[in-house]
Every structure is written in C-alpha cells, then in structure tokens.
Amino acid sequence: MSERTPEPISETKAPPFAEFVALIAMLMALGALGIDAILPALPTIGKDLSVDVPNHLQWLISIYFLGMGAGQLTFGILSDWLGRKRILIGGVMLYVVFALVAAFVHDFGLLLVIRLLQGFAVSTSGVVTRSIIRDLYSGAKMAKVTSISLVVFLLVPILAPSFGQLVLLVAPWPVIFLSMAAFGVIAGVWAWLRLPETHPPEKRRKPDLGHLRRVAFFVVTEPGSLYYTLGITFLIGSLLAYVSLMPQIFEDVFRRPELMAGIFAACAATMGGASILNASIVERLGTKRISHTALIGFIAVSLIHLAWTLAGLETILSFVILQSLTMGLMSLTTSNFGAMAMEKVGHVAGTASSLQGVVSTIGAGIISGLIGQAWTGGIWLLPLGAAGCGFVALAFVALNQRSRLVSSF
C-alpha cells in the first residue's frame with residue numbers, strides 16, 4: 001500500500017485520497033468563511049443597519065460561534081442515528097439558505113438571529129466531517145487526512161478577509177453573504193455527488209439519553225478531559241475576541257482599515273506554521289512539554305504586549321510581531337490540549353468529542369463577547385484579555401497536575 005494514497009478502512013468506496021482531503025477541507029472551511037469574510041464589512045454593516053453602539057457589531061461573530069457550538073452535539077447525535085451524508089448535506093444547505101436570507105436582511109436584530117441559525121447549521125461541516133474521517137481511516141492515516149485538511153483549512157482565515165475586502169471594492173456587503181451561499185452550494189453538490197455514506201445502517205444507534213448522561217458525567221469528571229477542555233475554552237475565547245476586535249482596532253486606532261485583511265492574514269499564518277512545527281516535534285518532545293511551555297510563552301508575550309501598549313509604544317509593526325507570536329503560541333497550546341483532553345475518553349470518543357466541542361465553542365463565544373464589550377478604544381484590552389485567559393488556562397493545568405498527583409497515592 002502506498003503511503004501517498006492511504007486506503008480507507010471502511011468497505012465503503014471513498015473518492016481518491018487527494019479528492020477526499022480537498023472535499024473535507026472545503027466543507028470544514030465553510031465555518032471559518034462565515035466568520036472571517038465579513039470582518040472588513042462590519043463597520044459598513046453598522047452604518048447601513050443603524051447600529052449606534054459599534055461594540056454590538058462584535059455579536060455578529062460571537063453569536064455565530066455560539067450557534068456552531070450548540071449544533072455540534074445535536075448533529076453529532078443525529079449523524080450516529082440517521083447517517084453521515086444526509087445530515088452533512090442537510091446542514092450545508094441550511095447554511096446556504098441562511099446566508100441568502102442574511103443578504104436581504106435590513107434589521108440588525110434579525111441579522112443576529114440569522115447568524116445564530118447559520119452557525120448552528122454549519123456545525124455539521126465540522127462535527128460530521130470528523131466522524132466521516134474516523135469512519136474511513138484509522139491511526140496514522142487518519143492523522144494524515146486530518147493534518148492535511150487542517151493545513152488547507154487554515155488558508156481560509158488567511159484569505160477570507162482579503163476576499164471580503166475585495167468584494168467591498170466592487171459591491172455592497174450583502175454580496176459577501178451571497179458568496180458564502182455560492183461556496184456552500186459548490187461544497188454541498190460536490191459532497192452529494194462524490195462522498196459515500198460512511199456509517200451503514202447496521203452501525204447506527206438511536207439517541208440514548210441515558211448513554212449521553214453517562215458519557216457526559218465521565219467527560220466532566222475525568223480530570224484531563226475537564227481541565228484541558230476548559231483551558232481550550234479560555235484560549236479560544238481570547239482568539240475570538242481578537243478576531244471580533246480587529247475591525248475596530250484598524251478603524252478606530254490605526255485608522256488604516258485597508259490594511260486589516262493583510263495583517264490578519266500575516267498573523268493567522270503563524271498558526272499554520274505552529275501546526276506544522278508541532279507535527280514535526282510532538283512525538284519527540286511530547287504533548288505536555290510543548291503545550292505547557294507554549295502556554296507560559298503565550299502569557300509572557302501577552303504581558304509584554306500589554307506593557308508595550310500601556311507605554312504608548314504600539315505601532316502596526318509591533319502589533320503584527322506580538323500578535324503573531326501570541327497566535328502561534330496559542331496554536332501550539334490548544335492543538336496539544338485537544339489531544340490530552342481525549343486521552344482518557346477514547347472509548348467514547350465520538351460523543352466525548354462532541355461534548356467537549358460544545359463546551360469549548362459556546363464558552364469561547366461567551367468569553368469573547370465579554371472581552372469585546374469592554375472595548376473603549378484602547379488596544380491594551382486585547383493583550384489584557386489574552387493574558388487573563390492564559391492565566392486561567394494555566395490554573396486549569398495546575399489543577400489537572402494536582403489531581404494526577406493525588407490520584408497516584
């Protein structure tokens with residue numbers, strides 16, 4: 001068997017390896033596209049919809065993220081019962097519908113509701129695609145599919161804001177939502193034509209609330225699962241706060257909104273670089289050593305950035321350098337925290353992953369909203385929020401280490 005073209009473990013015939021990875025990456029990218037493409041348009045949306053408080057525009061990002069979190073458990077359970085393909089394509093088509101509706105909405109409150117529903121629908125492109133990968137591949141091959149898909153997926157945060165900015169040069173902001181719908185149609189049709197059903201009827205199970213309660217209790221009482229999931233929650237919350245604050249930082253502080261997309265791409269690129277670095281060193285150094293060291297580095301860089309901004313020394317160059325370091329270190333931390341959170345719950349991996357995803361996604365949306373609503377025009381809020389989230393994550397690491405120590409006696 002060629003290492004270049006791993007064969008699936010399922011009897012279901014999957015597309016060729018390269019096509020399968022490209023399709024999975026495109027489906028996964030729908031969620032990120034819904035966040036990043038509208039960033040350059042937030043000030044314009046605020047003016048067109050008469051949003052008096054600029055901070056309220058951040059909820060277009062946070063509430064979408066909350067919807068993604070709420071949908072993970074629902075669609076994960078449904079795909080175990082009704083099959084992967086119909087749930088996946090159904091969710092993608094709902095994403096398309098809500099994107100089309102959003103393009104014609106002229107009320108900010110209604111747009112928030114549509115964004116919540118759009119996030120809920122697109123959660124299928126994350127949780128169900130992960131299940132499909134698990135159905136078809138195992139071990140190193142599964143890791144290879146996931147890693148390549150994630151590298152492709154990381155191109156979306158890099159390119160989507162630039163795409164949104166280009167759209168605004170020639171068309172009004174609703175066209176960004178129409179573009180999301182078009183992207184979703186392409187992904188949905190491709191999946192319908194080429195993606196097989198990977199969860200056959202004999203393996204399906206109806207929702208079992210008793211089983212769900214037992215798994216949930218185990219997930220929240222197993223120290224590694226609980227504490228590392230909570231650590232991820234706070235770190236992703238700080239990242240989402242950064243994403244939602246970027247338009248205001250470049251509009252109100254730097255007064256160079258045209259630079260936002262390029263600088264966002266430069267900062268996001270470090271996350272991809274960190275993922276590649278982690279893949280090359282994790283087997284040699286271990287997840288704990290890398291993630292704990294990276295977390296301390298994350299806190300240190302955030303504190304340096306905070307001191308730099310409070311001293312009045314912040315420039316666009318210093319922002320790019322310090323924010324890029326922060327995001328790279330966060331990526332090194334969260335990728336390994338995710339693996340350690342799953343370490344003791346492998347026998348219930350599917351449901352446990354969904355539960356952990358719900359907690360971290362909804363929690364991160366709430367945390368980012370709280371940070372973002374405190375914005376008063378000073379960049380210092382961003383590194384202060386990151387440092388605070390970092391210290392909380394470090395406290396959870398300490399609690400986990402203490403629990404391991406106590407349980408060893």
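How much space lies in the largest cavity? The structure is a predicted model in which local features need pLDDT of at least 70, side-chain atom pairs count only at pLDDT 80 or more, and totals for chains, interfaces and linings use all residues. Residues are numbered from 1 along each chain as its sequence is written, and side-chain values use heavy atoms, with hydrogens and water left out.

The protein chain has an average pLDDT (the predictor's confidence in each residue, from 0 to 100) of 85, and 89% of the residues score at least 70. Over residues 1-6 the pLDDT is below 50, and this stretch has ten contacts (heavy atoms within 4.5 Å) beyond near neighbours in sequence. Residues 405-409 also stay under 50 in pLDDT, with zero contacts beyond four places in sequence.

A cavity is a set of points, on a 1 Å grid over the protein atoms alone, where a 1.4 Å probe fits but cannot get out; lining residues have an atom within 4 Å of a point. Grid points are joined across faces, edges and corners, and a volume is the space filled by probe spheres set on the points. One cavity of 30 Å³ or more is counted, and the largest cavity holds about 70 Å³ of space.

The lining of this largest cavity includes Ser 238, Tyr 242, Phe 298 and Gln 323. At least two lining residues come from each of α11 (223-253), α14 (316-341) and α16 (381-407), helices being DSSP runs (H or I, at least four residues) numbered from the N terminus. The largest share, four residues, is supplied by α14.

Definitions and conventions. On a 1 Å grid over the protein atoms alone, a cavity is a set of points where a 1.4 Å probe fits but cannot get out, and a pocket is an open set with protein on both sides within 12 Å along at least five of seven lines; lining residues have an atom within 4 Å of a point.
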